[in-house]
Amino acid sequence: ISPEQGDPPQRPASPRDQPAILSTNSPAALKVGTQQIIPKSLASEIKVTSKANSQNADMSKRVLKVRSMVESLSVPLVADAEEEAEGDLDSPGTLRRGLRSTSYRRAVVSGVDFDSSNNLKKKNRMSQPVLKAVVEDKEKFSSLGRIKVSCIGQGHGDSNEDAVLYQNYKEKALDIDSDEESEPREQKSDEKIVFHFKPLRSTWSQLSVVKKNGLSEAISQEERKRQEAIFEVISSEHSYLLSLEILIRMFKNSRELSLTMTKTESHHLFSNITDVYEASKKFFTELEARHQNNIFIDDISDIVEKHSSSTFDPYVKYCTNEVYQQRTLQRLLATNPAFKEVLSRIESHEDCRNLPMISFLILPMQRVTRLPLLMDTICQKTPKDSSKYENCKQALKEVSKLVRLCNEGARKMERTEMMYTINSQLEFKIKPFPLVSSSRWLVKRGELTAYVEDTGLFSKRTSKQQVYFFLFNDVLIITKKKSEESYNVTDYSLRDQLVVQQCDSEDLTSSPVKNTSAMLYSRQTSATHLFRLLVLSNHAGEKVEMLLGTESQSDRARWITALGQDGDGQKMDRTTLTQVEIIRTYTSKQSDELSLQVADVVLVYQKVNDGWYEGERLRDGERGWFPMECAKEITCRATIDKNMERMGRLLGLETNV
């Protein structure tokens, strides 16, 4: 559609493959009239407004927010829209000449008006100077160290209302397809035109200063990916810092909320989050300074190593308090109506984006576990024969050590408290032994059905009774449940004295119970998933054989795995295991389960038909069970190999890849 024609378009003709733009004076054009075939990628919008007075306002409302989160503009982008509207008020659906040689998608992400640079310079609407285009590659490289970028923290492109909170920020380094081009794919010809208001986040290549100077084209593809990985550490830290600020300002510092709980409860809830915030702020300030000094960042490994080894100590304390934090929040929500009411009101505030407080509270643990993956991506993109690679490996080592300390702190606190709680609930009906020990922890607990053969005066019959197992890393305690908080101990055995095996239905006639099969089917009991447990030596030194039942296949598989210690799993060739990517966050409910974050990769050791996986978390080697619905299988061989290489770097394993 020619810009000279004043009539707005009615309905664009159906698209074709590679359509041509017809001349407005050609015979074909005169026959078609104002409706002509054009590529969809060139259309700025197709919405038509009837009232001339509302066109300017509508254009301002529909303007694309294309600035990067880390770029600074002195005025809202609506000012640019006014310039845009000045020349196009008569035909809001027409094409702008400056975009004819540029794809729609590239025009959206760039944020640069290609034909109005003179107007921008004349009106001085941008806070940063308009950089002149650099022609020769030699000049491009020589200018890399001199280009300054505006401060990320001060006046960044997204206001606090529009910036992406860390809960919604997905690091590209965590994406299993992170090697793909950062530019979005072009729209297919049969797709409708989508009017994108704002990208969730920006990449290094999409920064205006990078685009204007052609820096992406001046460097190799691998170096560009390395710059993207470095930039992502900075931009994600900014998003994380913003979320922490909201947590402190809206929740921790809320006088109304603090009045609904005790000081102890408040301390358990928020712990040392202020110290964590200050540590993150120091880290981000140094990252930001280096980014501001030079858009082409040589390295950030020294900054990451420095802060991981010293500044980030508050993270260990915060993560150690995690068990108290979650328990305190659950108790307050269940027993304190005033707290629940105030909390709900704060969560609905626009600053919190309707996100629950727990999503803010768990961010430090999420952030610290993602840092090794981000640094590993930089390692992956850094030439192995350079000094930068060794520096990056050292930084990765330090941040991995930090994660290990955080995990161990949280685990130790949870295990210790759990041991004291269980010890207070057990009543020994046999010879007791000291349960609490610094080297003992709970592996699994739960109720099972035991099938027992009773010998009567004239006959034998099989009966069932409920037993409750407490399985620790070194001992099994068998109890009978009196109440939710009271158990009578009837037997115990060292864990290395246990032999477990699955029991099929056709084997039910074998010892120790002769008529179990008939009893099961006649009474239609729900606990039909059976396994045998042989105790070689119990508390009295006797051999005991038990037939046990669970209510589901996964319960049986989990008990067999836990009781059998499954030592063979560690010897398996990891390269042959199925890999899955987590698509939904999962928080463990039992001791043998695995807590997972979106984009985690897990190696699958077992798959049970009723919907459970047992697997090993790639980022730290933790093993446990999780629902299949939280994951999708990875089928790309190249991605699987890359994940194994990453696991090797993170855990120092022999991967054979």
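1. T449 is buried, at 8% relative accessibility; buried denotes under 20% relative accessible area, exposed over 50%, and partly exposed the range in between (1.4 Å probe, protein chains only). T449 lies in strand β2, residues 442–455. Its side chain forms a polar contact of 3.0 Å with the side chain of Q466. A polar contact is a pair of N or O atoms within 3.5 Å; within protein, one must be able to donate a hydrogen and the other to accept it, and residues adjacent in sequence count only if both atoms are side-chain atoms.

2. The model is predicted: local features need pLDDT of at least 70, side-chain atom pairs count only at pLDDT 80 or more, and totals for chains, interfaces and linings use all residues. Residues are numbered from 1 along each chain as its sequence is written, and side-chain values use heavy atoms, with hydrogens and water left out.

3. The chain has 657 residues, of which 48% are buried. Its secondary structure comprises 22 helices and 13 strands, where helices (H or I, at least four residues) and strands (E, at least two) are DSSP runs numbered from the N terminus. Of the contacts in the chain with a separation of 6 or more, 69% are between residues 24 or more positions apart; contact means heavy atoms within 4.5 Å.

4. Two packed helices are described by the angle between their axes and the distance between the axes. Axes are lines fitted to C-alpha atoms, for helices over the stretch in contact, and angles run from 0 to 180 degrees between N-to-C directions. Angles under 35 degrees count as roughly parallel, over 145 as roughly antiparallel, 65 to 115 as roughly perpendicular and the rest as oblique.

5. Helix α12 (residues 273–293) packs against helix α13 (residues 301–311) at about 165 degrees, with the axes 10 Å apart. The two helices are therefore roughly antiparallel. A279, K282, F283, E286, L287 and R290 of α12 make the contact with D302, I303, V304, K306, H307 and T311 of α13. Five of these residues are nonpolar, two polar and five charged. In this classification Ala, Val, Leu, Ile, Met, Phe, Trp, Tyr, Cys and Pro are nonpolar, Asp, Glu, Lys and Arg are charged, and the others, Gly among them, are polar.

6. Helices α15 (residues 322–335) and α16 (residues 337–347) have axes 6 Å apart and an angle of about 105 degrees, so α15 is roughly perpendicular to α16. On α15 the contact involves L329, L332, L333 and T335, and on α16 it involves P337, F339, K340 and L343. Six of the residues are nonpolar, one is polar and one is charged.

7. Helices α18 (residues 363–381) and α22 (residues 637–651) have axes that come within 11 Å and cross at roughly 110 degrees. This pair is accordingly roughly perpendicular, and its crossing is right-handed. P372, L373, D376, T377 and Q380 of α18 meet K642, R646, R649 and L650 of α22. The contact contains three nonpolar, two polar and four charged residues.

8. Two non-glycine residues have positive phi. N354, at about 60 degrees, is in the loop between α16 and α17 (357–361) and is exposed, with a relative accessible area of 59%. A599, at about 85 degrees, is in the loop between β9 (578–582) and β10 (601–608) and is buried, with a relative accessible area of 6%.

Notes. A crossing is left-handed if the near helix is turned anticlockwise from the far one by less than a right angle, and right-handed if clockwise.
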